[in-house]
Amino acid sequence: MLAGVAAAALALAGCTADAPAKTATPVGEATVEAGSDPVAGGPEGFEDFYAQDLEWSGCRGGFECATATAPLSWDDPEAGSIELELVRTRATGEKVGSLLVNPGGPGGSGTDFVENGSFGEPLRESFDIVGFDPRGVQDSTAVTCFDDAKKDEYLSEDYDLTTDAGLEDARESAAAWAEACEQNTGELLGEVDTQSAAKDMDLLRAVLGDDQLHYLGFSYGTSLGATYAGLFPDRAGRLVLDGAIDPTLDADEISAGQAVGFENALRAYVTDCQAGADCPLTGSADEGMQQVRDVLDRAYDNPYPTSGDRDVTQTLAFYGVAVTLYAEQSWPVLTQALDEAINAGTGDTLLYLADFYNDRNADGSFATNSTEAFTAINCLDSAGATDVETMRAEAKEIEEAAPTMGSFFGYGGLSCADWPYPPAEQEYDVAAPGADPIVVIGTTNDPATPYVWSEGMADALDSGVLVTYEGEGHTAYGRSNDCIADAVENYLIEGTVPEDGLTC
(Lines give C-alpha, C1' and ligand atoms only; values in the text may rest on other atoms or scores of the structure.)
Protein backbone atom coordinates (compact mmCIF):
# COMPACT_ATOMS: atom_id res chain seq x y z
CA MET A 1 0.00 0.00 0.00
CA LEU A 2 1.65 3.15 -1.20
CA ALA A 3 1.14 6.84 -0.81
CA GLY A 4 -0.11 9.25 -3.44
CA VAL A 5 1.66 9.80 -6.73
CA ALA A 6 2.61 13.32 -5.70
CA ALA A 7 4.96 11.83 -3.11
CA ALA A 8 6.80 9.59 -5.54
CA ALA A 9 9.72 11.92 -6.21
CA LEU A 10 9.82 13.93 -3.03
CA ALA A 11 13.42 14.47 -2.39
CA LEU A 12 14.73 16.82 -5.04
CA ALA A 13 11.98 19.28 -4.25
CA GLY A 14 13.42 19.71 -0.78
CA CYS A 15 15.99 22.35 -1.77
CA THR A 16 18.18 23.47 1.12
CA ALA A 17 17.15 24.13 4.68
CA ASP A 18 16.00 27.68 5.42
CA ALA A 19 18.25 29.77 7.64
CA PRO A 20 17.33 32.83 9.73
CA ALA A 21 17.05 35.91 7.58
CA LYS A 22 20.17 38.07 7.33
CA THR A 23 20.09 41.85 7.48
CA ALA A 24 21.47 43.48 4.34
CA THR A 25 22.86 46.95 3.99
CA PRO A 26 19.94 49.31 3.31
CA VAL A 27 19.73 50.56 -0.25
CA GLY A 28 18.92 53.99 -1.46
CA GLU A 29 16.99 55.06 -4.51
CA ALA A 30 16.56 52.88 -7.58
CA THR A 31 19.64 52.38 -9.68
CA VAL A 32 20.04 51.51 -13.35
CA GLU A 33 22.87 49.40 -14.71
CA ALA A 34 23.59 48.88 -18.40
CA GLY A 35 23.52 45.43 -19.90
CA SER A 36 26.63 44.01 -21.53
CA ASP A 37 27.45 44.26 -25.20
CA PRO A 38 25.36 41.60 -27.01
CA VAL A 39 28.47 40.59 -28.95
CA ALA A 40 29.74 39.20 -25.64
CA GLY A 41 27.35 36.30 -25.82
CA GLY A 42 23.95 36.99 -27.33
CA PRO A 43 22.93 34.36 -29.91
CA GLU A 44 21.58 35.51 -33.24
CA GLY A 45 18.05 36.81 -32.94
CA PHE A 46 18.27 37.36 -29.21
CA GLU A 47 20.51 40.43 -29.21
CA ASP A 48 17.82 42.70 -27.75
CA PHE A 49 17.40 40.45 -24.76
CA TYR A 50 21.14 40.52 -24.08
CA ALA A 51 21.28 44.30 -24.50
CA GLN A 52 18.54 45.12 -21.98
CA ASP A 53 19.17 47.27 -18.94
CA LEU A 54 18.18 46.14 -15.46
CA GLU A 55 16.41 48.64 -13.23
CA TRP A 56 17.20 47.87 -9.60
CA SER A 57 15.15 49.28 -6.75
CA GLY A 58 14.97 48.81 -2.99
CA CYS A 59 12.70 45.98 -1.86
CA ARG A 60 12.09 43.34 0.78
CA GLY A 61 13.32 45.46 3.65
CA GLY A 62 16.88 46.10 2.54
CA PHE A 63 17.54 44.17 -0.66
CA GLU A 64 17.41 45.19 -4.30
CA CYS A 65 15.00 43.77 -6.88
CA ALA A 66 14.89 43.83 -10.65
CA THR A 67 13.00 42.06 -13.43
CA ALA A 68 14.77 40.69 -16.49
CA THR A 69 13.04 39.81 -19.74
CA ALA A 70 13.87 36.45 -21.32
CA PRO A 71 12.56 34.77 -24.45
CA LEU A 72 9.69 32.36 -23.98
CA SER A 73 11.50 29.94 -26.29
CA TRP A 74 15.24 29.86 -26.88
CA ASP A 75 14.48 28.24 -30.24
CA ASP A 76 12.30 31.10 -31.49
CA PRO A 77 13.05 34.75 -30.64
CA GLU A 78 9.65 35.72 -32.05
CA ALA A 79 7.66 33.43 -29.72
CA GLY A 80 7.24 36.07 -27.03
CA SER A 81 8.87 36.78 -23.71
CA ILE A 82 8.71 35.94 -20.01
CA GLU A 83 9.89 37.70 -16.87
CA LEU A 84 12.63 36.57 -14.48
CA GLU A 85 12.57 38.04 -10.99
CA LEU A 86 15.93 38.90 -9.36
CA VAL A 87 16.95 39.84 -5.83
CA ARG A 88 20.46 40.83 -4.83
CA THR A 89 22.53 42.00 -1.92
CA ARG A 90 25.45 44.21 -2.88
CA ALA A 91 29.06 43.41 -2.08
CA THR A 92 30.05 45.13 1.15
CA GLY A 93 33.77 45.23 0.26
CA GLU A 94 35.94 45.04 -2.82
CA LYS A 95 33.70 43.47 -5.47
CA VAL A 96 34.84 40.43 -7.45
CA GLY A 97 31.66 40.29 -9.52
CA SER A 98 28.18 38.84 -9.32
CA LEU A 99 27.49 35.44 -7.76
CA LEU A 100 24.36 33.78 -9.08
CA VAL A 101 22.81 31.32 -6.61
CA ASN A 102 20.13 28.62 -6.75
CA PRO A 103 18.77 26.65 -3.75
CA GLY A 104 17.50 23.57 -5.59
CA GLY A 105 14.16 22.01 -6.27
CA PRO A 106 13.49 22.11 -9.13
CA GLY A 107 11.07 24.80 -8.09
CA GLY A 108 13.05 26.47 -5.33
CA SER A 109 13.00 30.26 -5.23
CA GLY A 110 16.36 31.92 -5.67
CA THR A 111 14.95 35.28 -4.61
CA ASP A 112 13.81 33.88 -1.27
CA PHE A 113 17.18 32.15 -0.97
CA VAL A 114 19.11 35.41 -1.11
CA GLU A 115 16.82 36.85 1.53
CA ASN A 116 17.08 33.82 3.85
CA GLY A 117 20.26 32.03 2.77
CA SER A 118 23.25 31.39 4.97
CA PHE A 119 26.11 32.94 3.01
CA GLY A 120 29.45 33.47 4.70
CA GLU A 121 30.63 37.00 5.34
CA PRO A 122 33.55 36.62 2.87
CA LEU A 123 31.06 35.99 0.05
CA ARG A 124 28.92 38.91 1.14
CA GLU A 125 31.97 41.18 1.10
CA SER A 126 33.20 40.07 -2.32
CA PHE A 127 30.11 39.52 -4.44
CA ASP A 128 26.83 40.98 -5.41
CA ILE A 129 24.86 37.85 -4.46
CA VAL A 130 22.05 37.47 -6.97
CA GLY A 131 19.17 35.03 -6.67
CA PHE A 132 16.63 34.49 -9.40
CA ASP A 133 13.42 32.53 -9.70
CA PRO A 134 13.96 30.26 -12.71
CA ARG A 135 11.40 30.26 -15.48
CA GLY A 136 8.19 28.70 -14.21
CA VAL A 137 9.00 29.41 -10.56
CA GLN A 138 7.21 31.68 -8.08
CA ASP A 139 7.76 35.39 -8.84
CA SER A 140 9.04 34.82 -12.38
CA THR A 141 6.51 33.90 -15.06
CA ALA A 142 5.17 30.84 -13.28
CA VAL A 143 3.59 27.44 -13.83
CA THR A 144 0.02 27.28 -12.51
CA CYS A 145 -2.08 24.13 -12.10
CA PHE A 146 -4.84 23.44 -9.53
CA ASP A 147 -6.41 26.00 -7.24
CA ASP A 148 -5.44 25.76 -3.58
CA ALA A 149 -8.29 23.47 -2.53
CA LYS A 150 -7.66 20.96 -5.31
CA LYS A 151 -3.91 21.14 -4.78
CA ASP A 152 -4.41 20.42 -1.09
CA GLU A 153 -6.43 17.33 -1.96
CA TYR A 154 -3.91 16.22 -4.58
CA LEU A 155 -1.03 16.41 -2.10
CA SER A 156 -2.95 14.37 0.49
CA GLU A 157 -4.30 11.47 -1.58
CA ASP A 158 -3.38 7.84 -0.93
CA TYR A 159 -3.53 5.00 -3.45
CA ASP A 160 -2.88 1.29 -3.30
CA LEU A 161 -0.54 1.04 -6.25
CA THR A 162 -0.23 -2.71 -5.88
CA THR A 163 -3.68 -3.05 -7.48
CA ASP A 164 -4.66 -2.21 -11.04
CA ALA A 165 -7.55 -0.08 -9.79
CA GLY A 166 -5.31 1.92 -7.45
CA LEU A 167 -2.73 2.43 -10.16
CA GLU A 168 -5.39 3.66 -12.57
CA ASP A 169 -6.81 6.06 -10.00
CA ALA A 170 -3.34 7.46 -9.36
CA ARG A 171 -2.70 7.93 -13.07
CA GLU A 172 -6.05 9.68 -13.55
CA SER A 173 -5.21 12.04 -10.69
CA ALA A 174 -1.82 12.86 -12.22
CA ALA A 175 -3.43 13.32 -15.64
CA ALA A 176 -5.94 15.79 -14.20
CA TRP A 177 -3.06 17.70 -12.64
CA ALA A 178 -1.21 17.76 -15.97
CA GLU A 179 -4.33 18.96 -17.80
CA ALA A 180 -4.83 21.78 -15.31
CA CYS A 181 -1.18 22.79 -15.69
CA GLU A 182 -1.57 22.99 -19.47
CA GLN A 183 -4.80 24.96 -19.32
CA ASN A 184 -3.61 27.46 -16.72
CA THR A 185 0.01 27.89 -17.80
CA GLY A 186 -0.13 27.85 -21.59
CA GLU A 187 2.93 27.56 -23.84
CA LEU A 188 5.36 28.24 -21.00
CA LEU A 189 4.67 24.72 -19.71
CA GLY A 190 6.71 23.29 -22.58
CA GLU A 191 9.61 25.71 -22.08
CA VAL A 192 10.64 25.27 -18.44
CA ASP A 193 13.30 22.58 -18.96
CA THR A 194 16.67 22.95 -17.28
CA GLN A 195 18.49 23.72 -20.55
CA SER A 196 16.26 26.73 -21.11
CA ALA A 197 16.85 27.89 -17.52
CA ALA A 198 20.61 27.51 -18.03
CA LYS A 199 20.37 29.69 -21.14
CA ASP A 200 18.51 32.22 -19.02
CA MET A 201 21.51 32.20 -16.68
CA ASP A 202 23.79 33.19 -19.53
CA LEU A 203 21.44 36.04 -20.32
CA LEU A 204 21.60 37.11 -16.66
CA ARG A 205 25.39 36.87 -16.72
CA ALA A 206 25.45 39.30 -19.62
CA VAL A 207 22.97 41.84 -18.27
CA LEU A 208 24.73 41.78 -14.90
CA GLY A 209 27.90 42.80 -16.76
CA ASP A 210 30.04 39.71 -16.12
CA ASP A 211 32.28 38.09 -18.73
CA GLN A 212 32.02 34.74 -16.95
CA LEU A 213 29.40 33.24 -14.68
CA HIS A 214 30.29 32.71 -11.02
CA TYR A 215 27.71 30.39 -9.49
CA LEU A 216 26.80 28.56 -6.28
CA GLY A 217 24.13 25.89 -6.74
CA PHE A 218 22.64 23.39 -4.31
CA SER A 219 20.81 20.09 -4.97
CA TYR A 220 18.91 20.51 -8.27
CA GLY A 221 20.88 23.72 -8.63
CA THR A 222 23.91 21.52 -9.34
CA SER A 223 22.13 20.18 -12.42
CA LEU A 224 21.43 23.73 -13.49
CA GLY A 225 25.07 24.70 -13.02
CA ALA A 226 26.45 21.62 -14.76
CA THR A 227 24.06 22.20 -17.67
CA TYR A 228 25.32 25.76 -17.96
CA ALA A 229 28.90 24.52 -18.04
CA GLY A 230 28.01 22.04 -20.76
CA LEU A 231 26.29 24.69 -22.87
CA PHE A 232 28.78 27.53 -22.25
CA PRO A 233 32.09 26.03 -21.07
CA ASP A 234 34.06 29.13 -22.07
CA ARG A 235 31.77 31.37 -20.00
CA ALA A 236 31.69 29.09 -16.94
CA GLY A 237 33.82 30.85 -14.35
CA ARG A 238 34.00 29.64 -10.76
CA LEU A 239 31.22 27.15 -10.22
CA VAL A 240 30.50 25.36 -6.93
CA LEU A 241 27.93 22.56 -7.01
CA ASP A 242 26.86 21.36 -3.56
CA GLY A 243 24.79 18.18 -3.09
CA ALA A 244 25.25 17.10 -6.67
CA ILE A 245 23.04 15.05 -8.96
CA ASP A 246 24.86 12.59 -11.21
CA PRO A 247 24.14 13.85 -14.77
CA THR A 248 24.44 10.32 -16.19
CA LEU A 249 21.36 9.03 -14.29
CA ASP A 250 17.81 8.92 -15.61
CA ALA A 251 14.68 9.71 -13.59
CA ASP A 252 14.14 6.13 -12.45
CA GLU A 253 17.74 5.74 -11.31
CA ILE A 254 17.42 8.99 -9.37
CA SER A 255 14.31 7.71 -7.57
CA ALA A 256 16.06 4.46 -6.66
CA GLY A 257 19.10 6.29 -5.34
CA GLN A 258 17.02 8.67 -3.26
CA ALA A 259 15.07 5.80 -1.72
CA VAL A 260 18.33 4.33 -0.40
CA GLY A 261 19.49 7.78 0.67
CA PHE A 262 16.41 8.39 2.77
CA GLU A 263 16.54 4.86 4.16
CA ASN A 264 20.11 5.44 5.32
CA ALA A 265 19.28 8.84 6.77
CA LEU A 266 16.28 7.43 8.65
CA ARG A 267 18.43 4.64 10.10
CA ALA A 268 20.95 7.24 11.31
CA TYR A 269 18.09 9.08 13.00
CA VAL A 270 16.69 5.90 14.58
CA THR A 271 20.11 4.96 15.95
CA ASP A 272 20.59 8.44 17.40
CA CYS A 273 17.08 8.52 18.84
CA GLN A 274 17.42 5.16 20.56
CA ALA A 275 20.71 6.21 22.11
CA GLY A 276 19.01 9.10 23.90
CA ALA A 277 16.25 9.50 26.43
CA ASP A 278 12.52 9.62 25.69
CA CYS A 279 12.76 7.96 22.29
CA PRO A 280 9.43 6.37 21.28
CA LEU A 281 11.25 3.74 19.21
CA THR A 282 12.21 0.61 21.17
CA GLY A 283 14.45 -2.40 20.64
CA SER A 284 17.10 -2.64 17.94
CA ALA A 285 17.65 -0.27 15.03
CA ASP A 286 15.84 -2.72 12.73
CA GLU A 287 12.90 -2.80 15.13
CA GLY A 288 12.90 0.98 15.31
CA MET A 289 12.82 1.22 11.51
CA GLN A 290 9.85 -1.14 11.46
CA GLN A 291 8.06 1.00 14.03
CA VAL A 292 8.45 4.02 11.78
CA ARG A 293 7.03 1.97 8.91
CA ASP A 294 4.14 0.93 11.15
CA VAL A 295 3.36 4.61 11.76
CA LEU A 296 3.24 5.20 8.00
CA ASP A 297 1.11 2.11 7.34
CA ARG A 298 -1.34 2.97 10.08
CA ALA A 299 -1.89 6.35 8.40
CA TYR A 300 -3.05 4.54 5.27
CA ASP A 301 -5.54 2.34 7.09
CA ASN A 302 -6.64 4.91 9.65
CA PRO A 303 -5.41 8.50 9.08
CA TYR A 304 -4.22 10.27 12.21
CA PRO A 305 -6.63 12.83 13.68
CA THR A 306 -5.38 16.29 14.54
CA SER A 307 -6.61 19.17 16.67
CA GLY A 308 -7.95 20.76 13.50
CA ASP A 309 -10.29 19.55 10.78
CA ARG A 310 -7.65 17.68 8.74
CA ASP A 311 -6.41 14.14 9.14
CA VAL A 312 -2.91 12.90 8.34
CA THR A 313 -2.95 10.48 5.42
CA GLN A 314 -0.07 8.18 4.60
CA THR A 315 1.18 10.63 1.98
CA LEU A 316 1.22 13.48 4.49
CA ALA A 317 2.84 11.28 7.12
CA PHE A 318 5.60 10.39 4.67
CA TYR A 319 6.24 14.06 3.92
CA GLY A 320 6.34 14.74 7.65
CA VAL A 321 8.97 12.07 8.28
CA ALA A 322 11.07 12.73 5.19
CA VAL A 323 11.39 16.50 5.53
CA THR A 324 13.13 16.13 8.91
CA LEU A 325 15.88 14.01 7.37
CA TYR A 326 17.36 16.93 5.43
CA ALA A 327 19.21 18.14 8.55
CA GLU A 328 19.96 16.42 11.84
CA GLN A 329 18.88 19.59 13.65
CA SER A 330 15.31 18.57 12.74
CA TRP A 331 15.55 15.13 14.33
CA PRO A 332 14.06 16.21 17.70
CA VAL A 333 10.94 17.38 15.86
CA LEU A 334 10.63 13.97 14.21
CA THR A 335 10.90 12.38 17.66
CA GLN A 336 8.03 14.56 18.84
CA ALA A 337 5.95 13.64 15.78
CA LEU A 338 6.56 9.91 16.22
CA ASP A 339 5.84 10.08 19.94
CA GLU A 340 2.47 11.69 19.22
CA ALA A 341 1.63 9.10 16.58
CA ILE A 342 2.77 6.04 18.55
CA ASN A 343 1.69 6.96 22.07
CA ALA A 344 -1.23 9.33 21.52
CA GLY A 345 -2.47 8.27 18.11
CA THR A 346 -2.51 11.87 16.85
CA GLY A 347 -0.78 13.63 13.99
CA ASP A 348 -0.50 17.35 14.70
CA THR A 349 3.30 17.51 14.39
CA LEU A 350 3.34 15.23 11.35
CA LEU A 351 0.83 17.57 9.71
CA TYR A 352 2.88 20.63 10.64
CA LEU A 353 5.95 19.05 9.05
CA ALA A 354 4.08 18.00 5.90
CA ASP A 355 2.70 21.52 5.49
CA PHE A 356 6.19 22.93 5.98
CA TYR A 357 7.47 20.70 3.20
CA ASN A 358 4.61 21.61 0.85
CA ASP A 359 4.78 25.37 1.63
CA ARG A 360 1.15 25.24 2.78
CA ASN A 361 -0.08 28.13 4.90
CA ALA A 362 -2.41 27.67 7.85
CA ASP A 363 -5.34 29.11 5.87
CA GLY A 364 -5.02 26.46 3.14
CA SER A 365 -3.21 28.67 0.63
CA PHE A 366 0.27 27.85 -0.64
CA ALA A 367 3.22 30.20 -0.27
CA THR A 368 4.96 28.99 -3.44
CA ASN A 369 4.34 27.02 -6.63
CA SER A 370 7.21 24.64 -5.88
CA THR A 371 5.07 21.52 -6.48
CA GLU A 372 3.89 22.77 -9.86
CA ALA A 373 7.36 23.81 -11.01
CA PHE A 374 8.91 20.61 -9.66
CA THR A 375 6.70 18.39 -11.80
CA ALA A 376 6.84 20.58 -14.90
CA ILE A 377 10.64 20.85 -14.95
CA ASN A 378 11.24 17.19 -14.14
CA CYS A 379 8.85 15.98 -16.83
CA LEU A 380 10.70 18.01 -19.45
CA ASP A 381 14.11 16.84 -18.23
CA SER A 382 13.51 13.09 -17.82
CA ALA A 383 10.06 11.56 -17.59
CA GLY A 384 10.91 8.04 -16.42
CA ALA A 385 9.22 4.74 -17.30
CA THR A 386 5.43 4.82 -17.64
CA ASP A 387 4.47 1.25 -18.58
CA VAL A 388 3.01 -0.73 -15.71
CA GLU A 389 5.24 -3.79 -15.98
CA THR A 390 8.44 -1.74 -15.86
CA MET A 391 7.21 0.49 -13.03
CA ARG A 392 6.22 -2.49 -10.89
CA ALA A 393 9.51 -4.26 -11.48
CA GLU A 394 11.44 -1.13 -10.53
CA ALA A 395 9.23 -0.53 -7.49
CA LYS A 396 9.98 -4.05 -6.26
CA GLU A 397 13.72 -3.47 -6.57
CA ILE A 398 13.48 -0.17 -4.74
CA GLU A 399 11.53 -1.69 -1.85
CA GLU A 400 14.06 -4.49 -1.52
CA ALA A 401 16.86 -1.93 -1.29
CA ALA A 402 14.95 0.40 1.05
CA PRO A 403 12.31 -1.57 3.01
CA THR A 404 11.10 1.33 5.14
CA MET A 405 11.03 4.26 2.73
CA GLY A 406 11.33 2.63 -0.68
CA SER A 407 7.65 2.22 -1.44
CA PHE A 408 7.28 5.98 -1.66
CA PHE A 409 9.84 6.30 -4.45
CA GLY A 410 8.45 3.86 -7.01
CA TYR A 411 6.02 4.65 -9.81
CA GLY A 412 7.54 8.08 -10.34
CA GLY A 413 6.72 7.89 -14.04
CA LEU A 414 3.02 8.32 -13.25
CA SER A 415 3.56 12.04 -12.71
CA CYS A 416 4.68 12.47 -16.33
CA ALA A 417 2.74 9.67 -18.04
CA ASP A 418 0.18 12.10 -19.50
CA TRP A 419 2.30 15.24 -19.57
CA PRO A 420 1.37 17.38 -22.60
CA TYR A 421 4.96 18.03 -23.68
CA PRO A 422 7.81 15.58 -24.38
CA PRO A 423 11.22 15.79 -22.67
CA ALA A 424 13.64 18.28 -24.18
CA GLU A 425 16.47 17.01 -26.35
CA GLN A 426 19.90 17.36 -24.75
CA GLU A 427 22.09 19.88 -26.57
CA TYR A 428 25.29 19.77 -24.55
CA ASP A 429 28.21 17.57 -23.53
CA VAL A 430 27.91 16.62 -19.85
CA ALA A 431 31.73 16.64 -19.61
CA ALA A 432 31.78 20.41 -20.24
CA PRO A 433 35.16 20.21 -22.03
CA GLY A 434 37.18 23.40 -21.69
CA ALA A 435 35.44 24.68 -18.55
CA ASP A 436 37.43 26.04 -15.62
CA PRO A 437 37.63 23.81 -12.51
CA ILE A 438 34.17 23.00 -11.16
CA VAL A 439 34.03 22.22 -7.44
CA VAL A 440 31.56 19.45 -6.54
CA ILE A 441 30.65 18.90 -2.88
CA GLY A 442 29.11 15.69 -1.53
CA THR A 443 27.85 14.89 1.97
CA THR A 444 28.43 11.28 2.98
CA ASN A 445 24.92 10.62 4.35
CA ASP A 446 22.91 13.03 2.28
CA PRO A 447 19.37 11.61 1.86
CA ALA A 448 18.21 13.65 -1.13
CA THR A 449 21.39 13.66 -3.21
CA PRO A 450 23.38 10.58 -2.14
CA TYR A 451 27.14 10.97 -1.95
CA VAL A 452 27.74 8.63 -4.90
CA TRP A 453 25.98 11.19 -7.08
CA SER A 454 28.58 13.81 -6.24
CA GLU A 455 31.26 11.29 -7.10
CA GLY A 456 29.43 10.67 -10.38
CA MET A 457 29.17 14.34 -11.26
CA ALA A 458 32.82 15.00 -10.46
CA ASP A 459 33.80 12.06 -12.65
CA ALA A 460 31.51 13.13 -15.50
CA LEU A 461 32.90 16.68 -15.62
CA ASP A 462 36.30 16.98 -17.30
CA SER A 463 37.29 19.64 -14.76
CA GLY A 464 35.39 18.28 -11.76
CA VAL A 465 37.03 18.60 -8.32
CA LEU A 466 35.43 16.53 -5.53
CA VAL A 467 35.20 17.80 -1.95
CA THR A 468 33.65 15.55 0.70
CA TYR A 469 31.83 16.52 3.89
CA GLU A 470 31.60 13.63 6.34
CA GLY A 471 28.25 14.15 7.99
CA GLU A 472 24.46 13.97 7.93
CA GLY A 473 21.94 16.01 6.01
CA HIS A 474 21.41 17.61 2.64
CA THR A 475 24.23 19.76 1.18
CA ALA A 476 27.19 21.13 3.13
CA TYR A 477 28.06 24.82 2.61
CA GLY A 478 26.41 27.04 5.21
CA ARG A 479 25.54 24.16 7.55
CA SER A 480 28.68 22.09 8.09
CA ASN A 481 32.14 23.34 9.12
CA ASP A 482 34.96 25.78 8.43
CA CYS A 483 36.76 23.29 6.20
CA ILE A 484 33.89 23.35 3.70
CA ALA A 485 33.37 27.09 4.06
CA ASP A 486 37.03 27.80 3.38
CA ALA A 487 37.13 25.53 0.34
CA VAL A 488 34.06 27.19 -1.17
CA GLU A 489 34.92 30.78 -0.35
CA ASN A 490 38.60 30.58 -1.27
CA TYR A 491 37.68 29.21 -4.67
CA LEU A 492 34.86 31.62 -5.44
CA ILE A 493 36.73 34.69 -4.20
CA GLU A 494 40.39 33.97 -4.94
CA GLY A 495 40.16 31.21 -7.54
CA THR A 496 42.12 28.85 -5.27
CA VAL A 497 41.08 25.36 -6.33
CA PRO A 498 40.70 22.93 -3.40
CA GLU A 499 42.59 19.67 -3.50
CA ASP A 500 40.67 17.05 -5.46
CA GLY A 501 39.56 14.51 -2.85
CA LEU A 502 39.63 16.94 0.07
CA THR A 503 37.66 15.49 3.01
CA CYS A 504 36.18 17.74 5.69
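Biologist: What makes residues 403-504 a named feature here?

Modeller: The name comes from UniProt, where an unreviewed entry places "domain: Peptidase S33 tripeptidyl aminopeptidase-like C-terminal" at residues 403-504. UniProt positions are given in the numbering used here, feature names are shortened, and annotations may be inferred rather than shown by experiment. The model itself is predicted: local features need pLDDT of at least 70, side-chain atom pairs count only at pLDDT 80 or more, and totals for chains, interfaces and linings use all residues. Residues are numbered from 1 along each chain as its sequence is written, and side-chain values use heavy atoms, without hydrogens and water.

Biologist: What is the helix and strand content of residues 403-504?

Modeller: The span is 23% helix and 19% strand, and its end C-alpha atoms lie 31 Å apart. Helices (H or I, at least four residues) and strands (E, at least two) are DSSP runs numbered from the N terminus.

Biologist: Why are E4 and E5 called paired?

Modeller: Two strands pair if DSSP finds at least two bridges between them. E4 and strand E5 (residues 76-89) have 9 bridges in the antiparallel sense, so they qualify under this definition. With 2 residues between them, E4 and E5 form a hairpin.

Biologist: Which residues stand opposite each other in these strands, and in E7?

Modeller: Cys65 has Val87 in E5 as its bridge partner, and Val87 in turn stands opposite Gly131 in E7. E5 and strand E7 (residues 127-132) pair in the antiparallel sense over 4 bridges.

Biologist: What makes the phi of Arg60 and of Ser219 worth noting?

Modeller: Most residues other than glycine have a negative phi, and most peptide bonds are trans. Arg60 has a positive phi near 50 degrees, and Ser219 has one of about 55 degrees. Arg60 lies in the loop between strand E3 (54-59) and strand E4 (63-73); Ser219 lies in the loop between strand E9 (213-218) and helix H7 (220-231).

Biologist: Where does the cis peptide bond lie?

Modeller: The bond joins Gly105 and Pro106, with omega about 0 degrees. Pro106 lies in the loop between strand E6 (97-102) and helix H2 (110-116).

Biologist: Which helix supplies the largest share of the lining of the largest cavity?

Modeller: H14 does, with 4 residues. Residues lining this cavity include Asp252, Met391, Phe409 and Tyr411.

Biologist: How many residues line the second largest pocket, and of which classes?

Modeller: This pocket holds about 260 Å³ of space. Of its 15 lining residues, the closest to the centre are Asp75, Gly190, Glu191, Asp193 and Ala424. The lining has 6 nonpolar, 3 polar and 6 charged residues, where Ala, Val, Leu, Ile, Met, Phe, Trp, Tyr, Cys and Pro count as nonpolar, Asp, Glu, Lys and Arg as charged, and the others, Gly among them, as polar.

Definitions and conventions. 1 Å grid on protein atoms, 1.4 Å probe; cavity = no way out; pocket = protein on both sides within 12 Å on 5 of 7 lines; lining within 4 Å. Points joined across faces, edges and corners; volume = space filled by probe spheres on them.
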